[in-house]
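Hi,

Here is the structure I said I would pass on. Have a look at it first, and then read my notes below.

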Amino acid sequence: MADASELTKPHSENFRSVLGRLPTGVVVITGGDAKRPSGLVVGSFMSVSLEPPLVAVCVAKTSTSWPAIEAGGHFCANVLAQGQEALARQFAASGGDKFRGVSFSPAPASGAPLLERVAAWIDCRIYERYEAGDHWLVLGEVLELSGVGDGGALVFHSGSFRPLA
Ligand SMILES: Cc1cc2nc3c(=O)[nH]c(=O)nc-3n(C[C@H](O)[C@H](O)[C@H](O)COP(=O)(O)O)c2cc1C
């Protein structure tokens, strides 16, 4: 049997379950354009700085969508609204055509896909990328942003999507 203190060590299992107790927003990071759109779901999106206006996101080095997004030099962070769980699941699956049946328009500054009916969008230029273990820590400089709808966002907590009433 494992020593009791082992239970508090950061094994991949308890790292995930402990950190999963932190509720996060659900954000689709998109890049490319209408002809070649790319995107993935993240929970690691956050604001960083007001002057200059910076946000951050952590992307797994194994992401198959990120290289194309990075090559374009821009991304749009789409903050999902309550009721958009299906969209979240679609963008959490690696490979395939994630944009099938998804309505979007070009974000104003970058042209990256701005998804319909999101709670907010933040249109960014890639500002810096740092190595962070098995992820990239990416800073985006905010070019334009807007909150839309009634503000009801989708939340991810302990492995489940939940509406924020
Ligand atoms: C709620 C939720 C949050 C996630 N957060 C992240 C994240 O912060 N960074 C990340 O790289 N992947 C995250 N993922 C996993 C990616 O969405 C998933 O690996 C996806 O398949 C990557 O797609 P890609 O290979 O097309 O880039 C998250 C998934 C879910 C469901």
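Let me start with a question: is Ser65 buried or exposed? This is a predicted model, and in it Ser65 has a relative accessible area of 11%. The cut-off for buried is under 20%, so Ser65 counts as buried. You will find Ser65 in the loop between strand 5 (54-60) and helix 2 (66-72). Its side chain reaches the backbone oxygen of Gly39 at 3.2 Å. Leaving out residues up to four places away in sequence, Ser65 touches Ser38, Gly39, Leu40 and Lys98.

Ser65 also brings us to the ligand. There are 17 residues around the ligand, and those that come nearest are Ser44, Ser63, Thr64, Ser65 and Ser94. A polar side-chain atom of Ser65 sits 2.5 Å from a ligand oxygen atom. For Ser44, a polar side-chain atom is 2.6 Å from an oxygen atom of the ligand. Lys98, one of the residues that Ser65 touches, has a polar side-chain atom 2.7 Å from an oxygen atom of the ligand. On its own the ligand exposes 640 Å², and the protein buries 79% of that.

Now for another loop residue, Gln84. It lies between strand 6 (74-79) and helix 3 (85-92). With a relative accessible area of 9%, Gln84 is buried. A polar atom of the Gln84 side chain is 2.7 Å from the backbone nitrogen of Ala81. Setting aside neighbours within four places in sequence, Gln84 is in contact with Glu116, Arg117, Val118 and Leu154.

As a general point, nonpolar side chains in soluble globular proteins tend to be buried together. Here the largest nonpolar core has 22 residues, and the ones touching the most other members are Ile29, Phe45, Val57, Trp66, Phe75 and Ile122. At least two residues of this core come from each of strand 2 (27-32), strand 3 (37-42), strand 5, helix 2, strand 6, strand 9 (120-132) and strand 10 (135-147). Strand 9 gives the largest share, with 4 residues.

Strand 11 is joined to strand 12 (residues 160-163) by 4 bridges. Across that pairing, Val155 has Arg162 as its bridge partner, while His157 has Ser160. Strands 11 and 12 form a hairpin with 2 residues between them, and Ser158 in the turn has a positive phi of about 45 degrees.

That is what I have for now.

Cheers

Definitions and conventions. Residues numbered from 1 in each chain as written. Predicted model: local features only at pLDDT ≥ 70, side-chain atom pairs only at ≥ 80, totals over all residues. Heavy atoms only, no water. Buried < 20%, exposed > 50% of the residue type's maximum accessible area, 1.4 Å probe, protein only. Polar contact = N/O pair within 3.5 Å; in protein donor to acceptor, adjacent residues only side chain to side chain. Contact = heavy atoms within 4.5 Å. Pairing = 2+ DSSP bridges. Near = heavy atom within 4 Å. Areas by Shrake-Rupley, 256 points an atom, 1.4 Å probe, with all protein chains shown as cover. Core = buried A, V, L, I, M, F, W, Y, C linked by side-chain atoms within 4.5 Å.
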